[in-house]
Amino acid sequence: MLSIVMLTCNQIHLTYDCVESLYQHTGAPDRWELCAVANGSRDQTPVYLQAIERTRGNVRLVLNSENRGFAAGVNMGLRLARGEYIALVNNDVIVTPCWSTPLRRALDGYWQLGLVASMTNLCGNAAMIPDCKYRGLDGMEEFAAARAFAHAGELLPLPMVGFYCVMFRRSLWEEIGDLDERFFAYYDDDDWCLRARIAGYTCAAARDSFVHHVHEGSFRALPGTRAQEIVADSRAKFQQKWNVDLADATPGDYSYLDTLVQRERKA
């Protein structure tokens, strides 16, 4: 079974589109489950999620009265999960018919592969495809199908993968543990990927899997400078935890993780 963990905080229109795409493109509902966590949502998101919990039959739900942050929310979803495979899918993602099968096939084919992500139109590393030329959902699905055919079975090795749409084996979570809840948002994925790599696993994107990513749907809605403050706080905590200086790190360059992996394996 595949367990899909989805974290939400308001933005019901994004959540609705994401959930509908999951039911359209993830196969028979008895072969997967949706572990949804409403993280302090004040709009109609909890009502919607409770409705699909009643009607769909494969939904497990947590309703938090406050926003506990990304890592804590995901951990709650992980504890609901019953599947051998687990996917973290952001609520600002729309999946295509070519999303889950390539990810699972990659994990089945490479024992050392720890985390595998979908390619996308918008993210912070090389899993982003520049200038995706599609209009609307129909065009997106054609684009994804053409990529799946042209790049069947191909993997793009990466220093880390963003957690907008990523799959891993349950055994990886059991081995390296929960996401670190000191990170409210940001650097939680860097940290978890780093821990997986120190344990001997690799990260990659599947070139034949594609999802559309709105990117930071909930994060952009934060008031004032709150988003920048959260990023700065998480960055400082990551530097302190791993004794690393990120002052010279440029956006999208995660080569410092390679250095940390080598250092920690020698320790």
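Helix α7 (residues 188-198) is mostly covered, with 10 of its 11 residues buried. Buried means under 20% relative accessible area, exposed means over 50%, and partly exposed lies in between, using a 1.4 Å probe and protein chains only. The buried residues of α7 are Asp188, Asp189, Asp190, Asp191, Trp192, Cys193, Leu194, Arg195, Ala196 and Arg197. Helices here are DSSP runs of H or I with at least four residues, strands are runs of E with at least two, and both are numbered from the N terminus.

This is a predicted model, in which local features need pLDDT of at least 70 and side-chain atom pairs count only at pLDDT 80 or more, while totals for chains, interfaces and linings use all residues. Residues are numbered from 1 along each chain as its sequence is written, and side-chain values use heavy atoms, with hydrogens and water left out.

## Two helix pairs

Two packed helices are described by the angle between their axes and the distance between the axes. The axes are lines fitted to C-alpha atoms, for helices over the stretch in contact, and angles between N-to-C directions run from 0 to 180 degrees. The axes of α7 and helix α8 (residues 226-242) come within 11 Å and cross at roughly 25°. α7 is therefore roughly parallel to α8; angles under 35 degrees count as roughly parallel, over 145 as roughly antiparallel, 65 to 115 as roughly perpendicular and the rest as oblique. Asp190, Asp191, Leu194, Arg195 and Ile198 of α7 make the contact with Phe238, Lys241 and Trp242 of α8, where contact means heavy atoms within 4.5 Å. By class, the contact of α7 with α8 has 4 nonpolar, no polar and 4 charged residues. Ala, Val, Leu, Ile, Met, Phe, Trp, Tyr, Cys and Pro count as nonpolar, Asp, Glu, Lys and Arg as charged, and the others, Gly among them, as polar.

Helix α1 (residues 12-25) and helix α2 (residues 45-56) have axes that come within 10 Å and cross at roughly 20°, so α1 and α2 are roughly parallel to each other. On the α1 side, Ile12, Thr15, Tyr16, Val19, Glu20 and Tyr23 meet Thr45, Tyr48, Leu49, Ile52 and Arg56 of α2. The residues of the contact of α1 with α2 divide into 7 nonpolar, 2 polar and 2 charged.

## Asp208 and Gly153

Asp208 lies in strand β9 (residues 202-213). Asp208 counts as buried because its relative accessibility is 5%. The side chain of Asp208 reaches the backbone nitrogen of Gly153 at 2.8 Å. Apart from its neighbours within four places in sequence, Asp208 is in contact with residues including Cys98, Arg105, Arg147, His151 and Glu154.

The C-alpha atom of Gly153 is separated by 9.5 Å from that of Gly109, and these residues are 44 residues apart along the chain. Gly109 lies in helix α4 (residues 100-109) and counts as exposed at 53% relative accessibility.

## Positive phi values

Most residues other than glycine have a negative phi. Asp131 is not a glycine, yet has a positive phi of about 55°. Asp131 lies in the loop between β6 (113-120) and α5 (136-150) and counts as exposed, at 65% relative accessibility.

Tyr187, also a residue other than glycine, has a positive phi near 70°. Tyr187 is placed in the loop between α6 (170-176) and α7 and is buried, with a relative accessible area of 10%. Just after α7, Gly200 takes a positive phi of about 110°.

Technical notes
A polar contact is a pair of N or O atoms within 3.5 Å; within protein, one must be able to donate a hydrogen and the other to accept it, and residues adjacent in sequence count only if both atoms are side-chain atoms.
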